[in-house]
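I am opening a new notebook page for this structure. I will take it one part at a time and write down what I looked up.

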Amino acid sequence: MTRQPRGARRLRTFLFVLLALASAAAVSACGHSDDRPRVVVTTNILGDITQEIVGDEADVTVLMKPNADPHSFGLSAVQAAELERADLVVFNGLGLEENVLRHVEAAREAGVATFEAGKAVDPLTFQAHDDGGPEEEAGRPDPHFWTDPDRVRKAAGLIADQVVAHVDGVDEKVIRANADRYDGQLAELARWMEGSFARIPEKQRALVTNHHVFGYLADRFGFRVIGAVIPSGTTLASPSSSDLRSLTQAMREAGVRTVFADSSQPKRLAEVLRTELGGGVRVIELYSESLTEKGKGAGTYLQMMRANTTAMTEGLTGT
């Protein structure tokens, strides 16, 4: 047998190593090292809920990073490709993931099963300006359903159905057991929230937030939405001076001195109200649209809702 020149052998070895490294990088980028079933979730709140249901039965990839804004986060080319390789894509919908929905649609057109959680849980619509809601969006569906734990219970059950129906290789009994266990935790959360909010006198159950995100919570637990610093259901909008004047007038009339601002968003706009209304206005942080890293206050949906309930109760009772 003819022996190859040393230079040729070195080149072939180099090319082999290069190919191996490229293959390893591709596997690492996609987050998969085998042919396990794959579920891709857009937002980190839905990602946590889905992971509770799926457990170890499939790989769950969450596209939205901790502390990100669901209205504005985007995808890398690798993440966009990941959607089209999934067995199931779970997304919030109702216009929430504004920069991601086109990629979800592309995955659907490619034959991937998709589930729009917000549309499936009897969504509310934004109310008219006179009711504290965003005037331009009145009548449009509100995507922030997760502030109502009962709707999350419904969504979780439907996600379990979707996983069983569309993700080959999972054990249905395990999925159902996970869903039942998590449903019990969500039911307990709702009871605990009711008990906590019962400490707030009815006349003090008035909410002013960064933007309109707590409509479902208000509907479920008997709060009034006075208004929002950004008079919109999305953080991508901006308030005008007349919007701020209208909000400060509404706050004066309602006797509201507390503003709840999302912890992942700049609080500059909320703090403008301090200038407009004078001293004594409190700006309290909530985790409204994104989970944090683990151990940072709201690493799971359950932790987020308990932290928010405590902050709202203390903020509105002055304790």
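This is a predicted model: local features need pLDDT of at least 70, side-chain atom pairs count only at pLDDT 80 or more; totals for chains, interfaces and linings use all residues.

I began with Leu94, which I placed in the loop between β3 (88-91) and α4 (101-109). Is Leu94 buried or exposed? Its relative accessibility is 16%, and since the cut-off for buried is under 20%, Leu94 counts as buried.

I then turned to Asn67, another residue that is not a glycine and has a positive phi, here of about 65 degrees. Asn67 sits in the loop between β2 (59-62) and α3 (77-84), and with a relative accessibility of 33% it counts as partly exposed.

**The protein as a whole**

Stepping back, I counted 10 helices and 8 strands in the protein. Of its 319 residues, 48% count as buried.

**Helix α6 and Asn178**

Next I followed α6, whose 26 residues reach 37 Å from the first C-alpha to the last, close to the 38 Å expected at 1.5 Å a residue. At the N-terminal end of α6 I found a cap, Asp171, with a side-chain oxygen that lies 2.9 Å from the backbone nitrogen of Lys173. The buried residues of α6 include Ile175, Tyr182, Leu186, Met193 and Phe197, and what covers the buried residues of this helix includes α2 (44-54), α5 (149-166), α7 (215-221) and α10 (301-317).

I stopped at Asn178, which belongs to α6 (residues 172-197) and counts as buried because its relative accessibility is 14%. Which backbone oxygen does the side chain of Asn178 reach? I found that it reaches the backbone oxygen of Ile53, at 3.0 Å. Leaving aside residues up to four places away in sequence, Asn178 touches Glu52, Ile53, Val54 and Gly55.

**Helix α10**

I looked at α10 as well, where 17 residues reach 24 Å from the first C-alpha to the last, close to the 24 Å expected at 1.5 Å a residue. Among the buried residues of α10 I listed Tyr301, Met305, Asn308, Met312 and Leu316. Just after α10 comes Gly318, with a positive phi of about 75 degrees.

**Cavities**

How many cavities of 30 Å³ or more does the structure hold? I found 2 of them.

The largest cavity holds about 50 Å³ of space, and the residues that line it include Thr43, Ile49, Pro70, Asn92, Trp146 and Glu289. Sorted by class, its lining has 7 nonpolar, 2 polar and 1 charged residues.

The second largest cavity has a volume of about 40 Å³, and its lining has 5 nonpolar, 4 polar and 1 charged residues. Among the residues that line the second largest cavity are Thr209, His211, Phe260, Asp262 and Ser288, with β5 (206-211) and β7 (258-262) each supplying at least two residues of that lining.

How values were computed: Residues are numbered from 1 along each chain as its sequence is written. Side-chain values use heavy atoms; hydrogens and water are left out. Helices (H or I, at least four residues) and strands (E, at least two) are DSSP runs, numbered from the N terminus. Buried means under 20% relative accessible area, exposed over 50%, partly exposed in between (1.4 Å probe, protein chains only). A polar contact is a pair of N or O atoms within 3.5 Å; within protein, one must be able to donate a hydrogen and the other to accept it, and residues adjacent in sequence count only if both atoms are side-chain atoms. Contact means heavy atoms within 4.5 Å. The expected span of a helix is 1.5 Å times one less than its number of residues. On a 1 Å grid over the protein atoms alone, a cavity is a set of points where a 1.4 Å probe fits but cannot get out, and a pocket is an open set with protein on both sides within 12 Å along at least five of seven lines; lining residues have an atom within 4 Å of a point. Grid points are joined across faces, edges and corners, and a volume is the space filled by probe spheres set on the points. Ala, Val, Leu, Ile, Met, Phe, Trp, Tyr, Cys and Pro count as nonpolar, Asp, Glu, Lys and Arg as charged, and the others, Gly among them, as polar.
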